[in-house]
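Open the structure in a viewer and switch to a cartoon display. The stops below say what to select next and what is there.

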Amino acid sequence: MPKIIVYGDIHGCLDELKQLRSDINPKKGDIEISVGDFLNKGPYSLKTLRYLNKHHILSVMGNNEAKIIKLYHRYQKQGESYLSTLRSSDKKTLLELGTDDITYLESLPYYLKIDTLTIVHGGIVNGMQLSENMNDKEKKLLTQLRFYNKKHEPIPYDDFENREVFWSEEYDGKEGFIVFGHHPFPEVKIEKNAIGIDTGCVYGGTLTAISFTYKDKKVNIKKYTLHEVKAITNHFR
Ligand SMILES: [Mn+2]
């Protein structure tokens, strides 16, 4: 039976991705999708991008892909001097990529929906409707959402003090069952209407994938399988 396979945040950890794929052994007809943040921080950004394309693995936009696109355009404008302002891993990733690669990154969708399954990198706020013409604020949430404060407002990553609840704990399911990444959890974060599969491979955790059976254009969200491989090392020290 055909499957939909979604990979957690790869962050250039190509060796682990290859190991995970060899464990899963995808067949022709399976649909493979990266949850975004397949590049940056880890060892092989460009090679991972090429590998995804070669194996027809789809991806949604992660905040790291969005960031590299932004940096690339600033670099084009400001020239060499701009590079010295960047973090070393951002700079390394940026310099690996060519114009065609950036064009590919710019083509990534902010979400993918297959039947009742939805894939986004960060998360979605209840009441938000996924559509082709979302504004920049909504796109930012899709790639970056993590915690709400007491007033249910999304807060920036570094506002540790006001973390009240993680978005997926309150998600109402109206935009489908969501597979997301972005926030590394020590173990897969399982909710009623969502599942977080970033298990921090680049930080020495594991690379996780989730697979669903896909028959007659129907995804069985109740019945999924988790796959994981251990990181070779902490790639981001
Ligand atoms: Mn991310």
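Select strand S1 (residues 3-7) and strand S2 (residues 31-34): the two run parallel and are joined by four bridges. Helices and strands here are DSSP runs numbered from the N terminus, helices being H or I of at least four residues and strands E of at least two. Two strands pair if DSSP finds at least two bridges between them. This is a predicted model, in which local features need pLDDT of at least 70 and side-chain atom pairs count only at pLDDT 80 or more, while totals for chains, interfaces and linings use all residues. Residues are numbered from 1 along each chain as its sequence is written.

Pick Val6 next; its bridge partner in S2 is Ile33. Between S1 and S2 the chain passes through helix H1 (residues 14-24), and this β-α-β crossover is right-handed. Right-handed means that, with the strands pointing away from the viewer, the path from the first strand over the helix to the second runs clockwise.

Opposite Ser34 stands Ser59 in S3. The chain goes from S2 to S3 through helix H2 (residues 45-54), in a β-α-β crossover that is right-handed.

Contact means that the C-beta atoms of two residues, placed from the backbone, lie within 7 Å. Axes are lines fitted to C-alpha atoms, for helices over the stretch in contact, and angles run from 0 to 180 degrees between N-to-C directions.

Zoom in on S11 and S12, which pair in the antiparallel sense over nine bridges. Leu207 has Val229 in S12 as its bridge partner. The hairpin of S11 and S12 has two residues between the strands, and Asp216 there takes a positive phi near 50°.

The next stop is a pair of helices. At what angle do the axes of helix H3 (residues 63-78) and helix H4 (residues 88-96) cross? They cross at roughly 75° and come within 10 Å. That makes H3 roughly perpendicular to H4, a label for angles of 65 to 115 degrees. Show the side chains of the contact: Ile68, Leu71, Tyr72 and Tyr75 from H3, and Asp90, Thr93 and Leu94 from H4. The residues of this contact divide into five nonpolar, one polar and one charged. Here Ala, Val, Leu, Ile, Met, Phe, Trp, Tyr, Cys and Pro count as nonpolar, Asp, Glu, Lys and Arg as charged, and the others, Gly among them, as polar.

Move on to another open sheet of five strands, with the order S4-S5-S8-S10-S9 and mixed pairing. Strand S4 (112-114) and strand S9 (189-190) stand at its edges with a single partner strand each, so one side of each has no neighbour in the sheet. S9 and strand S10 (residues 194-196) run antiparallel, joined by two bridges. Select Lys189 to find its bridge partner in S10, Gly196.

Finally, zoom out. The protein has seven helices and 12 strands. Its C-alpha trace spans about 50 × 45 × 35 Å along the principal axes.

Terms used. Parallel < 35°, antiparallel > 145°, perpendicular 65-115°, else oblique.
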